[in-house]
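User: Could you show me, step by step, how to read the features of a protein model? I would like the general idea each time, followed by the case at hand.

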Amino acid sequence: MIFTSVEFLVFLVLLLVMVGLARREAPRRAVLIAAGYVFYAWSDWRACFLLLGVTLVGYLGGRAMGRAADRAARRPWLAAGIALNLAVLAFFKYAGFLAGNLQPLFRIAGLELPRPEILLPVGISFYTFQCISYLSDVYRGALPAHRGLRDYLLFTAFFPQLLAGPIVRGGQFLPQLEREHPLRAGDLRLGAERFVRGLTKKLLFADTLGVWVDPVFAHPAAYSPDTIWLAVLAYAGQIYYDFSGYTDMAIGAARMFGFEYPENFRHPYRSLSIAEFWQRWHITLSHWLRDYLFLPLAYALSRRIEADRPLGVRAETWSYAGAILITMFLGGLWHGASWTFVAWGTLHGLALAVHRIVRDARGRRRSGRYGVAGKVGSWALTFLFLLVTWVLFRAPDFTTAWTMLRRMAFLGGPAGIQWFYVQGLVTLAMGVALHLWSIRNGDRSPGLDLRRPLAWPALVALLLALTLFAPVGRCPFIYLQF
């Protein structure tokens with residue numbers, strides 16, 4: 001069940017009615033838990049047992065650590081909980097990938113290694129990360145172990161974030177359960193406004209751009225360099241509007257029931273550096289990787305580096321570089337069991353490491369000063385890097401990526417087909433205008449305010465536009481595959 005389907009809208013309305021009719025908080029939460037499992041079972045009912053198993057690992061591990069006297073006593077429970085979550089993730093997401101890469105070695109020995117056909121449960125990367133962060137926070141004492149199983153079930157199975165995030169931590173969600181959540185008019189209005197914004201991003205922007213992207217990436221050798229460039233630009237817009245649209249719908253749906261989720265995007269294509277990009281793109285994943293992977297790695301590496309390195313760069317800079325490379329390598333692998341994702345993550349890790357080394361060598365203050373020309377140049381260089389690496393992210397294999405990159409560099413091959421998708425060009429222009437609008441309005445995004453009378457005819461016009469101009473059919477959300 002995806003947010004843009006008619007089935008989901010019926011599900012959402014029925015759920016709002018059921019929660020609204022409940023007079024006490026206990027039945028409200030029971031309804032929301034049941035609804036979360038119905039929502040998840042819509043794709044494959046068997047995956048519900050996996051979700052329940054991961055939930056019980058987190059809950060029981062947290063309770064055991066809550067009873068432990070100190071960190072030393074909590075450490076085995078943390079290790080066991082993380083190991084179980086990673087084992088589940090590795091089996092379902094990477095078993096086939098690992099078998100495929102080991103196959104040549106087995107063939108040398110005259111053996112045939114069967115490649116398992118394992119169906120990837122939707123959202124597994126998100127709720128396993130959610131459980132790992134909860135266990136880590138309880139271990140560090142940053143979050144008390146939650147005693148109520150019912151509320152912990154709601155934490156992991158609340159439907160808005162279940163399939164594709166944002167990654168909601170225990171410290172962000174569980175304290176909200178200390179108060180009651182009856183339906184309130186203000187929450188319904190704000191949630192509906194945010195949901196409609198996300199729906200517009202997905203259907204009018206992402207799906208329209210996808211019409212341009214898919215055929216070009218499927219047969220890049222057939223198209224001219226300018227068409228390839230425009231298709232890559234279109235993909236940059238598609239993945240942003242697709243995923244930020246999903247996030248807006250998730251935040252809006254949660255808000256309708258009185259829950260607040262963290263922001264996940266802040267106009268990332270405005271970034272003047274790759275470091276700023278990762279402060280604006282998929283923020284909950286960036287923060288998760290920073291807190292639970294990068295910082296422990298950087299601390300461990302810094303203890304092994306004793307002497308300063310050339311150019312006056314301190315030991316912590318080199319520990320940062322090593323830790324960020326490992327973190328982004330694993331971050332690329334998290335996105336998918338493919339070497340193209342690994343290459344994408346590694347390139348971002350290299351760019352972040354170089355940015356940090358150069359910044360520390362020049363000094364923080366000097367590197368933070370930009371004139372108009374400096375801002376334009378920094379933005380252009382960052383955006384060009386993003387476009388090149390998006391090719392690796394989207395391409396099904398290195399051969400396709402190499403063909404596209406050669407065409408983008410105007411190297412080799414015939415001129416090819418020139419295809420200018422008019423609706424795609426209009427959509428790209430609208431996206432640029434919206435980003436420029438956000439610059440003038442302090443990072444805010446335009447949206448409907450349903451308290452104003454003129455917003456209602458605008459809403460009707462928007463729904464009419466979605467009906468008339470959205471591409472036929474429903475494209476799945478890109479991040480559902482991760």
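**Reading a helical chain**

Analyst: Thr156 is placed in helix H6, where helices (H or I, at least four residues) and strands (E, at least two) are DSSP runs numbered from the N terminus. This is a predicted model, in which local features need pLDDT of at least 70 and side-chain atom pairs count only at pLDDT 80 or more, while totals for chains, interfaces and linings use all residues. Residues are numbered from 1 along each chain as its sequence is written, and side-chain values use heavy atoms, with hydrogens and water left out.

User: How many helices and strands are there in the chain?

Analyst: The chain has 18 helices and 0 strands. Among its contacts with a separation of 6 or more, 76% are between residues 24 or more positions apart, contact meaning heavy atoms within 4.5 Å.

User: Is Thr156 buried or exposed?

Analyst: A residue is called buried under 20% relative accessible area, exposed over 50% and partly exposed in between (1.4 Å probe, protein chains only). Thr156 has a relative accessibility of 3%, so it counts as buried, and buried residues make up 51% of the 482 residues in the chain.

User: Which residues does Thr156 touch, not counting residues up to four places away in sequence?

Analyst: With those set aside, Thr156 touches Leu51, Thr55, Gln130, Gln161 and Leu162. Distance can also be read from C-alpha to C-alpha, and in that way Thr156 and Phe126, which are 30 residues apart in sequence, lie 9.8 Å apart in space.

User: At what angle do helix H3 and helix H6 pack?

Analyst: Axes are lines fitted to C-alpha atoms, for helices over the stretch in contact, and angles run from 0 to 180 degrees between N-to-C directions. For H3 (residues 47-67) and H6 (residues 149-157), the angle is about 125 degrees and the axes are 10 Å apart. That makes H3 oblique to H6, since angles under 35 degrees count as roughly parallel, over 145 as roughly antiparallel, 65 to 115 as roughly perpendicular and the rest as oblique. The residues in contact are Leu51, Leu52, Thr55, Leu56, Gly58 and Tyr59 of H3 with Leu149, Tyr152, Leu153, Thr156 and Ala157 of H6.

User: What classes of residue make up the contact of H3 with H6?

Analyst: By class there are 8 nonpolar, 3 polar and no charged residues; here Ala, Val, Leu, Ile, Met, Phe, Trp, Tyr, Cys and Pro count as nonpolar, Asp, Glu, Lys and Arg as charged, and the others, Gly among them, as polar.

User: Where else do helices pack, for example with H17?

Analyst: Helix H8 (residues 185-218) packs against helix H17 (residues 422-440) at about 135 degrees, with the axes 9 Å apart. That makes H8 oblique to H17. Among the residues that meet there are Leu204, Phe205 and Trp212 in H8 and Leu425, Leu428 and Leu434 in H17. The contact of H8 with H17 divides into 8 nonpolar, 5 polar and no charged residues.

User: At which residue does helix H11 bend?

Analyst: The bend at a residue is the angle between axes fitted to the seven residues ending there and the seven starting there. Helix H11 (residues 283-302) bends by about 40 degrees at Arg290, and its buried residues include Trp288, Leu289, Tyr292, Leu293 and Phe294.

User: What is the phi of His282?

Analyst: As a general idea, most residues other than glycine have a negative phi. His282, although not a glycine, has a positive phi of about 45 degrees, and it lies in the loop between helix H10 (274-280) and H11. His282 is buried, with a relative accessible area of 0%. Leaving aside neighbours within four places in sequence, His282 is in contact with Phe126, Phe243, Asn264, Phe265, Trp334 and Tyr479, and its C-alpha atom is 8.6 Å from that of Phe243, 39 residues away along the chain.

User: What is the phi of His267, and where is its place?

Analyst: His267 is not a glycine and has a positive phi of about 45 degrees, and its place is in the loop between helix H9 (225-256) and H10. His267 counts as buried, at 6% relative accessibility.
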